[in-house]
Amino acid sequence: MAMTMNGEVQLAAPREAVWDKLNDPEVLKACIPGCEELEKTDDGGFRATAKMKVGPVSARFKGKVTLSDLDPPNGYKISGEGEGGVAGFAKGGAAVRLAEKDGGTLLSYDVEAQIGGKLAQLGQRLINGAAKKLADEFFANFAKAVQG
């Protein structure tokens with residue numbers, strides 16, 4: 001099952017500060033809902049563990065996250081894949097762009113993801129709703145982190 005999502009968030013912080021936070025594993029770990037572990041790897045990416053619940057399916061996903069197309073402080077592409085045992089798998093990526101706007105920074109994102117296994121059997125509406133909720137939660141947390 002494939003899905004796409006996009007949006008933008010206005011942050012009251014300079015673009016360089018937002019860029020720094022987008023690359024800080026401690027900040028990202030604190031902002032990602034259900035994230036239990038996020039460590040930088042030698043190849044410039046991250047190893048992650050996150051516990052998620054979507055409808056009746058609960059799972060702990062272990063996976064890796066890679067950053068590419070780095071264009072400081074304008075944006076990057078973040079890709080990841082995770083295994084959740086019997087719950088299934090998730091993989092996807094997001095193009096993240098930063099632009100100066102109204103004395104702060106406008107962060108815009110385009111996400112593409114694929115899921116399989118038990119998760120995919122839950123239905124498109126439930127999955128899309130859960131994904132939107134996770135994204136909203138992440139960006140609300142991230143805005144707080146950036147704005148101190």
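Start at glycine 7, which stands opposite tyrosine 109 in S7. The model is a predicted one. That residue pair belongs to the pairing of S1 with strand S7 (residues 104–116). The two strands run antiparallel and share 10 bridges.

Now step back to the whole sheet. It is open and has 7 strands. Read across, the order is S1-S7-S6-S5-S4-S3-S2, with antiparallel pairing. Strand S1 (2–11) and strand S2 (35–40) are the edges, each pairing on one side only. From one strand to the next, the twist averages 20 degrees.

Two helices pack on this sheet. Take helix H1 first. Helix H1 covers residues 15–22 and touches S1, strand S4 (57–71), strand S5 (75–83), strand S6 (89–101) and S7. The direction of H1 makes about 165 degrees with that of S6. Helix H3 spans residues 124–146. Its contacts on the sheet are S1, strand S3 (46–54) and S7. Here the angle is taken against S1, and the direction of H3 makes about 25 degrees with it.

Next, follow the chain through its hairpins. S5 and S6 pair in the antiparallel sense over 9 bridges. One link in this part of the sheet joins glycine 82 to its bridge partner in S6, alanine 90. Between the two strands lie 5 residues. In this hairpin, glycine 85 takes a positive phi near 60 degrees.

Glutamate 100 has threonine 105 in S7 as its bridge partner.

Which residues of the largest nonpolar core touch the most other members? They are Leu11, Val18, Leu22, Leu107 and Phe142. The core has 41 residues in total. H3 supplies the largest share, 9 residues.

Leucine 107 shows how the pieces meet. Leaving aside residues up to four places away in sequence, leucine 107 touches Gly7, Glu8, Val9 and Leu11, among others. Its contacts also include Val18 and Leu22, and H1 covers residues 15–22. Val96, Arg97 and Leu98 are on the list too, and S6 runs over 89–101.

Terms used. Residues are numbered from 1 along each chain as its sequence is written. This is a predicted model: local features need pLDDT of at least 70, side-chain atom pairs count only at pLDDT 80 or more; totals for chains, interfaces and linings use all residues. Side-chain values use heavy atoms; hydrogens and water are left out. Two strands pair if DSSP finds at least two bridges between them. Helices (H or I, at least four residues) and strands (E, at least two) are DSSP runs, numbered from the N terminus. Axes are lines fitted to C-alpha atoms, for helices over the stretch in contact, and angles run from 0 to 180 degrees between N-to-C directions. Contact means heavy atoms within 4.5 Å. A nonpolar core is a set of buried Ala, Val, Leu, Ile, Met, Phe, Trp, Tyr and Cys residues joined through side-chain atoms within 4.5 Å. Buried means under 20% relative accessible area, exposed over 50%, partly exposed in between (1.4 Å probe, protein chains only).
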